[in-house]
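Please read them with the structure open beside you.

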Amino acid sequence: MGAATVAASSSSWSMTVVALVAAASFLAATTTAAPVPAIYVLGDSLADVGNNNHLPTILRADFPHNGIDFPGGKATGRFSNGKNSVDFLADNLGVASPPPYLALSSNANYANGVNFASGGAGVLNSTNKDQCISFDKQIDYLSSVSASLAQSLGQAQAAAHLSKSLFAVTIGSNDIIHYARSSSATATGAGDPSQQFVDALIQALTGQLQRLYDLGARKLVFLGTGPVGCCPSLRELSASKDCSAVANGVSVRYNAAAASLLGAMAARHPDMRYALFDSSAALLRFIDQPAKYGFAEARAACCGLGDMNAKIGCTPLSFYCANRTSHVFWDFYHPTETTARKLTSTAFDGSAPLIFPINIRQLSAL
């Protein structure tokens with residue numbers, strides 16, 4: 001065999017290897033999430049990782065028995081026995097769970113992501129006013145972070161960084177809970193009061209999400225409100241301990257309206273992509289068929305006091321269940337770590353109608 005023949009064979013073999021490697025890389029790219037530089041989180045207690053620790057508020061979770069299953073076994077300010085949905089989202093993306101904004105110094109590296117979420121926050125500024133960082137204020141903080149990134153990275157590089165990052169938003173549950181507990185929920189008269197309430201939420205949300213886009217958000221994960229009427233606190237108000245039909249109905253309408261809003265935004269802004277998670281439908285699966293999804297208790301809270309552990313929240317004096325993995329709810333409002341992990345897994349790798357128009361893995365790869 002001549003040198004030319006050997007060289008040709010070697011070249012052919014090299015090209016084959018390169019082709020195989022390229023094919024393997026393509027297959028891997030379709031099954032693993034692409035690198036996302038950072039996550040920027042806005043929302044309520046479902047996503048709070050400690051911002052409320054720094055506020056003079058009663059809406060805190062920086063005490064036992066919260067955090068009992070978190071690494072180190074200590075309360076961090078998460079309204080959970082362990083990790084929350086944001087932590088699992090970060091784990092799936094292979095990045096660090098972003099730190100609470102209020103815990104960061106003025107010279108912090110915002111390029112690694114920031115969590116602005118605050119327990120008690122709602123779409124409306126009136127929801128838990130002065131007890132949390134309102135959603136509008138969270139966006140104000142994001143504006144400051146965006147300006148800081150532009151100063152440190154340069155305008156073009158900062159914009160590129162933000163466009164590749166994920167923006168995760170979970171907001172609306174507290175507004176709906178307040179509405180369900182108010183006299184407005186049972187008011188009679190002209191028009192449908194619950195639809196009027198949803199319209200007010202969406203009107204505010206429209207401006208808020210547009211502000212996120214204007215600040216550089218191009219990949220948006222919107223975690224819709226869950227079946228809040230089934231949280232132990234609202235169940236406990238019913239003599240039959242049933243879910244609040246009013247609260248669940250508003251949640252379904254809100255999620256549907258948010259889907260329409262995001263679809264319209266994406267049509268106006270071709271460079272914006274989103275994934276909307278129907279938390280209501282996803283969580284109702286666990287509540288309606290707990291055994292099928294590995295749960296033994298889907299009504300009562302794991303940690304609390306009183307009927308269904310729902311009269312008083314999770315405090316150092318509260319009782320808590322021995323097996324947290326068997327409970328859907330940690331306290332009278334919030335899911336257990338196990339529930340958060342399973343929901344995030346569905347949002348990350350699931351499909352319509354629970355997560356649409358694409359899932360989070362697909363969104364991150366764009």
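**Notes on the predicted model**

1. The bond that joins F356 and P357 is a cis peptide bond, with omega about -5 degrees. A cis bond also leads from A352 to P353, with omega near 10 degrees, and P353 has its place in the loop between α10 and β10 (355-356).

2. This is a predicted model, in which local features need pLDDT of at least 70 and side-chain atom pairs count only at pLDDT 80 or more, whereas totals for chains, interfaces and linings use all residues. Residues are numbered from 1 along each chain as its sequence is written, and side-chain values use heavy atoms, with hydrogens and water left out.

3. On confidence, the mean pLDDT of the chain is 91, and 88% of its residues reach 70 or more; pLDDT is the predictor's confidence in each residue, from 0 to 100. Over residues 1-32 the pLDDT is below 50, and this stretch has three contacts in the model beyond near neighbours in sequence, a contact meaning heavy atoms within 4.5 Å. Where pLDDT is low, the predicted coordinates should not be read in detail.

4. For the chain as a whole, there are eleven helices and ten strands. Of its 366 residues, 50% count as buried, where buried means under 20% relative accessible area, exposed over 50% and partly exposed in between, with a 1.4 Å probe and protein chains only. Among contacts between residues at least 6 apart in sequence, 71% join residues at least 24 apart.

5. D87, in helix α2 (residues 85-93), counts as buried because its relative accessibility is 4%. Its side chain is joined to that of R78 by a polar contact of 2.7 Å; such a contact is a pair of N or O atoms within 3.5 Å, and within protein one must be able to donate a hydrogen and the other to accept it, while residues adjacent in sequence count only if both atoms are side-chain atoms. Leaving aside residues up to four places away in sequence, D87 touches V49, F70, R78 and S97.

6. S244 lies in the loop between α7 (232-235) and α8 (245-268), and at 17% relative accessibility S244 counts as buried. The side chain of S244 reaches the backbone nitrogen of A247 at 3.2 Å, and, not counting residues up to four places away in sequence, S244 touches A180, G229 and L234. The loop between α7 and α8 also holds K241, which has a positive phi of about 60 degrees although K241 is not a glycine.

7. D130 lies in the loop between β2 (114-115) and α3, and at 65% relative accessibility D130 counts as exposed.8. Helix α3 (residues 135-153) and helix α6 (residues 193-214) have axes that come within 10 Å and cross at roughly 10 degrees, the axes being lines fitted to C-alpha atoms, for helices over the stretch in contact, with angles from 0 to 180 degrees between N-to-C directions. The contact is made by F135, D136, I139, D140 and L142 of α3 and L205, Q208, R211 and L212 of α6.

Technical notes. Helices (H or I, at least four residues) and strands (E, at least two) are DSSP runs, numbered from the N terminus.
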